[in-house]
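Colleague: Please walk me through this model. I would like to learn how to read its packing.

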Amino acid sequence: MGSSLTRKAFLVTALALMAVPSSSALAQSEPRTRVVVTDSAAKPGSTPVSDNSATALPLLRTRISMTIANPALRRGSVGIKVISLDSGETVYERDAEKYFMPASNMKSFTVAAALDRLGPEHRFTTSIYAPAKPEGGVVKGDLIIFGRGDPAFSWRYNGGDWLVAIDNLADKLIAAGVKKIEGNIVGDGSYFNTEAVPFGWEWDDLQWYYGAEVSALSVNDNVVVMKVSPSTIGLAPLVAFEPTSTLFRVVNTAKTVPSGERKTLKIAKRPKDNVYEISGNLPAGDPGFSGTVSISNPPQVFADLLKQRLALKGVTVTGNALGVDRFDRGGEPLKTEGLFEVVSHPSPPLSLIAENTMKPSQNLYTEILLRSLGETTGDPSDLRKTSEEKGMAVINELLKKAGVPLDSVVQYDASGLSRHNLITPNASAMLYKYLDTARYSAFWKNSLTIGGVDGTLRRRFKGTSASGNVRGKTGTIDQVSALSGYVTSKAGERFAFAIITNGIPDAGTRVSAIDEIVLQLANLEEKTFFDPTPQVVKTVQ
């Protein structure tokens, strides 16, 4: 009986709050004098604004609760934490201390730690070593490209050109006087001591761009463009790569069939091998397939592309293109003592790398950042720790500064592709709250995707009060959607929030619920707390 009365009382209160007419409705029904807020200083005759938070906060909470009461969400889980950055108070929370798979919300922790520890101007250096100083332009022995985590040898940083970054490196070698290499070109990824595939990544993700192998020496996001197009009926389709490499092998059992027949084309990549299997039927006249597929042994592919470009520029290479990692070097990184550094190549600043990581939600870059963070600033005393583990220890230091309980973040990778990661909505919201006023806050916020403008939010919130307003980090894997970030209400109140949905199969349902809650924050016309600062109003005749 008591619980029934409580429910009825709640509903009556909610309906009463929802029935409060808006200021615009009152303006339409009752003419009144227009007023203008001139400043916030107390002056004789000023009128303080009344405390509307008494209705604004309960109404907001009711609306959010109604959104997540959608029957389509009932079998899943929705976790929410909303903090007013102006009052410091929790505005709304639901299962905020429960664990959720974060998907790409995991990236926030890694990128924030990198900016916090390394600083926005940090650059990662790639060195090219020879056994000794070249004599007469001749390198006697292997030329070694030693990567330290620069992800920018990529089309993404070079106007979409897949070879300009390699050409720039080749030009630097030529400018250093190199005319001939009497040995191999060796791509060296031994700076990291981790597996190329992070723990918990699913095998069917590995052939696509978001599951690309991780290496300290990467090239073109460790993917290549593959094009499969019809040929003569009865024959195998045509397969081409961009950029090309003799390292890529194709097993093509597919067949070109007459137009109108069913398309059954399949593309598969063998794990840890640059062998691509093409099967099925491809009808004549069909556009076929054109997209990126991942590569294996990125250091070797890097070396092969450099060898090609040097040859085109007149540099002779007598050896082959090879790739090595730390396991090939007996568990140790390349020993550079005694080697001659022919070329040193700095990356773009970390601030730009952070933007190219967070806005498009780039998995590879986040994994590289985690490992680079560990090797650059992590504890070197325990040689048994992997680059990942050392990087995660640095993230824990940031969590402590942000007041985030360490057990509220269970991290298995940097990017969130692993289904083993767990975070709480509170952990994410508290991180964003801390970063709002942290040392490199401006660079952090510039890295975030902006609603209706860029990155993974470019198609969301268009034409709404959240467009150009909300900024944050999305997250999406099967049955998971998330969004953490910042939004400012119409009343000028700033919020940090984290909304995570798990166990809901339909992506549209998940995203719609998240976006509706964000819009409820953005559309709030009153502050959720009483602001005692008097505002001066004057009558406009």
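**Helix packing and cores**

Modeller: Start with a helix pair. Lys 107, Thr 110, Val 111, Ala 113, Ala 114, Arg 117 and Leu 118 of α4 meet Asn 363, Thr 366, Leu 369, Leu 370, Leu 373, Thr 376 and Thr 377 of α8. Contact means heavy atoms within 4.5 Å. Helices (H or I, at least four residues) and strands (E, at least two) are DSSP runs, numbered from the N terminus. This is a predicted model: local features need pLDDT of at least 70, side-chain atom pairs count only at pLDDT 80 or more, and totals for chains, interfaces and linings use all residues. Residues are numbered from 1 along each chain as its sequence is written, and side-chain values use heavy atoms, with hydrogens and water left out.

Colleague: At what angle do the axes of α4 and α8 cross?

Modeller: Two packed helices are described by the angle between their axes and the distance between the axes. Here the axes of α4 and α8 cross at roughly 40° and come within 10 Å. That makes α4 oblique to α8; oblique covers what is left after roughly parallel (under 35 degrees), roughly antiparallel (over 145) and roughly perpendicular (65 to 115). Axes are lines fitted to C-alpha atoms, for helices over the stretch in contact, with angles from 0 to 180 degrees between N-to-C directions.

Colleague: Which residues touch the most other members of the largest nonpolar core?

Modeller: Nonpolar side chains tend to be buried together in soluble globular proteins. In this chain the largest nonpolar core has 54 residues, and Phe 109, Leu 350, Val 409, Trp 444 and Tyr 486 touch the most other members. Such a core is a set of buried Ala, Val, Leu, Ile, Met, Phe, Trp, Tyr and Cys residues joined through side-chain atoms within 4.5 Å. Buried means under 20% relative accessible area, exposed over 50%, partly exposed in between (1.4 Å probe, protein chains only). Elements that each supply at least two residues include α4, α8 and β24. α4 gives the most, with seven. Apart from this core lies another, of 40 residues, among them Ile 128 and Val 315.

Colleague: Is Asp 515 buried or exposed?

Modeller: Asp 515 is buried, at 12% relative accessible area. Its place is in helix α12 (residues 507-522). A 2.6 Å polar contact joins its side chain to that of Arg 460. A polar contact is a pair of N or O atoms within 3.5 Å; within protein, one must be able to donate a hydrogen and the other to accept it, and residues adjacent in sequence count only if both atoms are side-chain atoms.

Colleague: How many helices and strands are in the chain?

Modeller: The chain has 12 helices and 26 strands. Of its 541 residues, 50% count as buried.
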